Amino acid sequence: MQEVQVGTGTKRESRTLSFRALSVEQIGYVYEGLLSYGGERATEEVVGLIGPVGREHEVPLRDLESMAEQSRGDVKKLARLICEAYKEPKPGIGSVGKIEKLLTPLTDGEREEADDKLFAACKNRELTERLLPFFRLLRQDLRGLPLVIPAGRLYVTESALRKNTGTHYTPRKLAENVVTHALEPLVYEPGPLQTAERSEWVPKKAAEILDLKVADIAMGSAAFLVAACRYLADRLIEAWEREEDNEHHEDAIRYRAGSQVDARTAVDAESDQVVIEARRQIIEHCLYGVDINPMAVEMAKLSLWLVSMDPKRPFTFLDDRLVAGDSLLGVTSLEQLKAVHLDVSKGELLGSLAGAEERVKAVADERKAITEIAGDGIAALGKKRKLLGEVVRHTARLRLIGDLLSGAALATCASGRTDWYEGGDRLRDLFPTAAKVAAKLGKEGAGESGEQGEGSGLGEFVEAAQERAREWLASELPEGGMEREPVHWPLVFPEVFVDRGGFDAVIGNPPFLDGHALTGSMGEAYREYLVDYVAGGTRGSADLVTYFVLRVHDLLNSHGQSGLIATGSLSQGVNRKVGLDQITRRGAEIRRALPSEFWPTKSASLKYCTVWTSCAPVAADAARFLGEVEVPLGISSALRPMTRVTTWVEPLVGNSGAHSEGSKVYGPGFTLSAEAAAKWISEDRRYEEVLFPYLNGKDVNNRPGHEADRWVINFRDWCETCAKRYPWAYKRVEEEVKPEREKLEENSLARTRWWLYERSRYKLYKKLEELDRCIVLARSSDLVIPAMISARQVFSDKLVVFASEEFALLALLSSSLHYWWAIDRGVTQPKVPNYTPTDVFETLVHPSFSETLRSTGALLDSIRGERMLQRNISLSATYALVHDRECDDPEIVELRTIHEEIDRATIAAYGWHDLLDPTGQTPPADPTHLTVPLDHGFHETDQGTRYTIGLLARTEIIDRLRQLNHQAYADEVFLGKHKKPKKHPDMPPASANARARRAARPIGAQGFDDDGLFTPDNALF
């Protein structure tokens, strides 16, 4: 590549490229870009078509000619054929009308100009004549000529490789942050796993650092390995400085005295001989990498060479450390090889493979000898290559068996759709066949003396086994997919798995690929393989990165650490169930996490999270961080602070009568415009009795005065004769509602009483007759903010209605406590937000309403209403400003202050005065409570930036509310208020108050359960 085009239109220009100034990290951006393209050799004449930049097609000229022949001179038909053929990726080549215009015959002048350009592009008169009808469809190359590729010539075309592998390069700052926190526990002991006090950390010796084994199993161009190289090399230099008997002691002192060890970007630091020596040693002893793309492996070598380059010395030997292959496909333990099954519990240990462990140990010693070869000249590199070749030959038999096992797994997953036969019998499980082949391989001692290839002398049986493995591995491989190359970890890196039981750390940014795209990109068999053999049978459409998280923890040893970047959904839904839930159940602890951030470069538009885990125990005194916040109880698989209290809650009978959903009308014929309603009423005042404003959730949230946009006919619970007294309204309902209702089942009440709402909520409106105002909250909204409005209207079933004028209740429902309780109860989990009162309101124990709570609720209603009307903005728009950290409008600041006061008043009403004491001197009311700061301010949350209480306060308050629910539910069960109470092992005993209430009942009534016959105490309905 020599030039690129920059800009568009008249500002488009060509620029010459120079690779001289590329830093190591920028190589990664080059690699990421190269993955979007591939090199092809034209087997016939190919042309480049017009289209959206970066998504144009290169197609055989013959295809265009074939479509022209089909159209028989009909330009419009030809345009349709071309549009249909090249409609993907969206928006495609263009509209039919546009293509039809481009296909219209050229004028004499245009034809002459086109002829000149086409001949200049292809230097072939016959080809020029064939191209002329399609001239306007051809895009220009960098020379300004039509893009024509003659047969036999190489050309660059867009590749699906980057899309199908989910590859995104990681910026240096992000990679270094991941690496630092992942490797700190390995270079300090005591360190971050033992204590939060950094002054107590003790750095390890140089030999211990060089003994570490760190891997990136989807390394790309090695951004994380480069960061690990820099980090460990700096720690190694510090160790050399401390160790007076080390040969590099004096150089380390000189370097450390002359510059700060963390000033890694300085040119003098990068080129200092002690830095180069430290990095070369780290690369040779500590770093390992795998990538599915062989080009990535070469780019990774280049990156590590550059970061450790000495002009006077050859490049470091990396062939034994960086390999190409599929990290998710292959054997991860010697037990799998010995059992001849990827699920060890389903296999049988074969005597013929009993010596596998000893063989691998011997190979591990041979690989160690590669590192121990003195010198780094040409002769030394030759010795290392020769020794690596011996290692490959000595593991040939076991690698072939590993291929058979991996292939058997894929073929078994495909067996329901692909026919496999052995001796005339169709096979469903291919592992027994693999075991038979493995047994014979073991007996013949295959693979001891030659390569597994043509002319290797391994015999016809081994060659047949190789062919079988290749066939199985290709099971349901999508067209154009990369050839599957398993990685058998104990065989590829035996010194890591024999001596240490796995890697000390795995770091990286595994590919981002949506779970629903796995089948199309990798094949159905491969996706089933991931479920059965990587996820242990836990099903679900998990993202690809989730399976990498699982594989990483298969490869770590008992004290291993991980630092991984993943999609933001890793901690949610099926991804959490398949991934983080499983690794935490196996004993790994999430000790640090960054739950959700936007990708820092324009190369990807997505949210990511970062997770650091430890297989080693993390001491109680160690710090756990969620973002920048230290969380005292740890981090859950949802990447939330761990809670003190189990998450179950139950609806309370005492809250069940305090709310109602609005009316379910069922029939658009009931509604009419405000103008039509006003006309009816002006002509006959009786219609005031059946026409009302019809308020829904959008009206409440999106209209400044919360006024209804439509009106509705309401016959309450009247009989049909009563409804007929209002003929205009009755006729409208009869004509527009009755036909729809008659389609329902015959015994349906909505059908037989078609003039009434399906659910009228008659009791609600009877209660509202006593009130001037009531409180409403939109159900299908993530706003979760109530409003006090007129009670003289009909409410849609998209509203939750609280038949109360109590400003204290308005304050409670407006508080951060209620908002985060609603979020915890799953309001925003569905694609369409849904406030379900039984899940949220009925489970929330209410405090005693204080005068402070009432006054702050009234102040909010008054001030907010005035501001909305003055500015003519809605409730949603108002709170968008409240949560906008850039907005410092005094009136919006005042609203934030009012909400702070509401939160404080609500907390005081619950009696949690320790949360209100900034000095921390007030003890909590319950000894199990944790005292944390409220930390009002702007916080980044899954719901976006919000002005609210801090993460620790949210977590602790939710715990306290759960405790209240647990106790209230236990009391209600004790008092017999639940017909079929649910059993929870940690449900507390009944409170003294509940026992006193029960004791105060008449003896005959103490066990009485009215089964809902009587309304609960203080119930509205």
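This is a predicted model: local features need pLDDT of at least 70, side-chain atom pairs count only at pLDDT 80 or more; totals for chains, interfaces and linings use all residues.
Author: Welcome! Two strands pair if DSSP finds at least two bridges between them.

Reader: How many bridges join strand 21 to strand 22?

Author: Strand 21 covers residues 691-695 and strand 22 covers residues 710-713. The two run antiparallel. Pairing needs at least two bridges, and the number joining strand 21 to strand 22 is 4.

Reader: Which residue of strand 22 is the bridge partner of L691?

Author: Strands of a sheet pair through backbone hydrogen bonds, either parallel or antiparallel. Strand 21 and strand 22 take the antiparallel way. Across from L691, the bridge partner in strand 22 is I713.

Reader: Which strands stand at the edges of the open sheet?

Author: The sheet has 4 strands in the order 20-22-21-25, with mixed pairing.

Reader: Is R72 buried or exposed?

Author: R72 sits in the loop between helix 2 (61-71) and helix 3 (75-85). On the surface, R72 gathers with K76, K77 and R80 in a patch of positive charge. Exposed means over 50% relative accessible area. Because R72 has 77% relative accessibility, R72 counts as exposed.

Reader: What is the relative accessibility of M309?

Author: M309 belongs to a nonpolar surface patch with L302, L306 and F315, and together they have about 310 Å² of accessible area. The loop between helix 14 (294-307) and strand 10 (322-324) holds M309. M309 counts as partly exposed, because its relative accessibility is 41%.

Reader: How many residues apart are R871 and E891?

Author: The side chains of R871 and E891 meet in a salt bridge, 3.0 Å from N to O. This pair links distant parts of the chain: R871 belongs to helix 36 (residues 851-871) and E891 to helix 38 (residues 890-910), and the two are apart by 20 residues.

Reader: In the salt bridge of E770 and K767, which residue is exposed?

Author: The side chains of E770 and K767 meet at 3.5 Å, N to O. K767 counts as partly exposed because its relative accessibility is 23%. With a relative accessible area of 59%, the exposed residue is E770.

Reader: How many salt bridges does the count come to?

Author: Among the salt bridges is the one between E769 and K766, at 3.7 Å. There is also a network that links R644, D824, R825, D914, E956, D959, R960 and R962. The count of salt bridges comes to 67.

Technical notes:
Residues are numbered from 1 along each chain as its sequence is written. Side-chain values use heavy atoms; hydrogens and water are left out. Patches are made of residues with over 30% relative accessible area and no salt bridge: like charges are joined within 9 Å, nonpolar side chains (Val, Leu, Ile, Met, Phe, Trp, Tyr) within 5 Å. Accessible areas come from the Shrake-Rupley method with a 1.4 Å probe; for residues, only the protein chains shown count as cover. A salt bridge is a side-chain nitrogen of Lys or Arg within 4 Å of a carboxyl oxygen of Asp or Glu. Buried means under 20% relative accessible area, exposed over 50%, partly exposed in between (1.4 Å probe, protein chains only). Lys and Arg count as positive and Asp and Glu as negative; His and the chain ends are not counted. The place of a charge is taken as NZ of Lys, CZ of Arg, CG of Asp or CD of Glu.
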